[in-house]
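Q: Could you walk me through the charged side chains in this one? I'd like the cut-offs spelled out as we go.

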Amino acid sequence: MGYVRAEEILPIEVIELIQQYVDGENIYIPRKPANRQAWGAGTQIKKELRIRDRQIYKDHLAGDKISELAARYYLSEKSIQRILRKESEKNMS
C-alpha cells in the first residue's frame, strides 16, 4: 500500500485541521465500512490455503508425522494440528 501526499488530494483547510491533532506524522485513514472487502477477496489465497490444507490432511493419512508436515509446510505443529482437526471434521460431515 502506497501513500499519497495530503496536499495533492485535500483542501488546505482540512490539512490544517488534521495538523491540530497530528503534525508531520503518517496516519492511516480506513475505508468506509461499505467499501471494505473480506480478507482474501482480491486474491486466490483462500483457494490456495484450502488446497494446501487438504494436501496436509492427505499426507497425514498417508503416514506423515505432524513434525514432518510442520517442517515441509513451514508451519508450527499447533497449526498442523488445527488443520488436521478442521479437515477431519469436514470429512466426518
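Q: Which helix is D59 found in?
A: D59 is found in helix 3, where helices are DSSP runs of H or I with at least four residues, strands are runs of E with at least two, and both are numbered from the N terminus. This is a predicted model, in which local features need pLDDT of at least 70 and side-chain atom pairs count only at pLDDT 80 or more, while totals for chains, interfaces and linings use all residues. Residues are numbered from 1 along each chain as its sequence is written, and side-chain values use heavy atoms, with hydrogens and water left out.

Q: Is D59 buried or exposed?
A: D59 is buried, because its relative accessible area is 12%, and buried means under 20%, exposed over 50%, and partly exposed in between, with a 1.4 Å probe and protein chains only.

Q: And what does the side chain of D59 make a polar contact with?
A: One partner is the side chain of R72, at 3.0 Å, and a polar contact of 2.8 Å also joins the side chains of D59 and Y73. The term stands for a pair of N or O atoms within 3.5 Å; within protein, one must be able to donate a hydrogen and the other to accept it, and residues adjacent in sequence count only if both atoms are side-chain atoms.

Q: Switching to salt bridges, how many does the structure hold?
A: The structure holds six, each being a side-chain nitrogen of Lys or Arg within 4 Å of a carboxyl oxygen of Asp or Glu. One of them pairs the side chains of R5 and E7 at 3.0 Å, N to O, and R5 counts as partly exposed because its relative accessibility is 48%.

Q: Which residues are linked in a network of salt bridges?
A: R52, D53 and K86 are linked in that way, and within the network the side chains of R52 and D53 meet at 2.8 Å, N to O.

Q: Where do E87 and K90 lie?
A: Both lie in helix 5 (residues 77-92), three residues apart, which is about one turn of the helix. E87 is buried because its relative accessible area is 3%, while K90 counts as partly exposed because its relative accessibility is 42%.

Q: Which residues form the positive surface patch?
A: The positive surface patch is formed by K46, K47, R50, R54 and K58. Patch residues have over 30% relative accessible area and no salt bridge, with like charges joined within 9 Å and nonpolar side chains (Val, Leu, Ile, Met, Phe, Trp, Tyr) within 5 Å. K46 lies in helix 3 (residues 45-61) and counts as partly exposed because its relative accessibility is 39%.

Q: How far is A6 from K47 in space?
A: A6 and K47 are 37 Å apart, C-alpha to C-alpha, and 41 residues apart in sequence. A6 lies in helix 1 (residues 6-9) and counts as partly exposed because its relative accessibility is 28%.

Conventions: Accessible areas come from the Shrake-Rupley method with a 1.4 Å probe; for residues, only the protein chains shown count as cover. Lys and Arg count as positive and Asp and Glu as negative; His and the chain ends are not counted. The place of a charge is taken as NZ of Lys, CZ of Arg, CG of Asp or CD of Glu.
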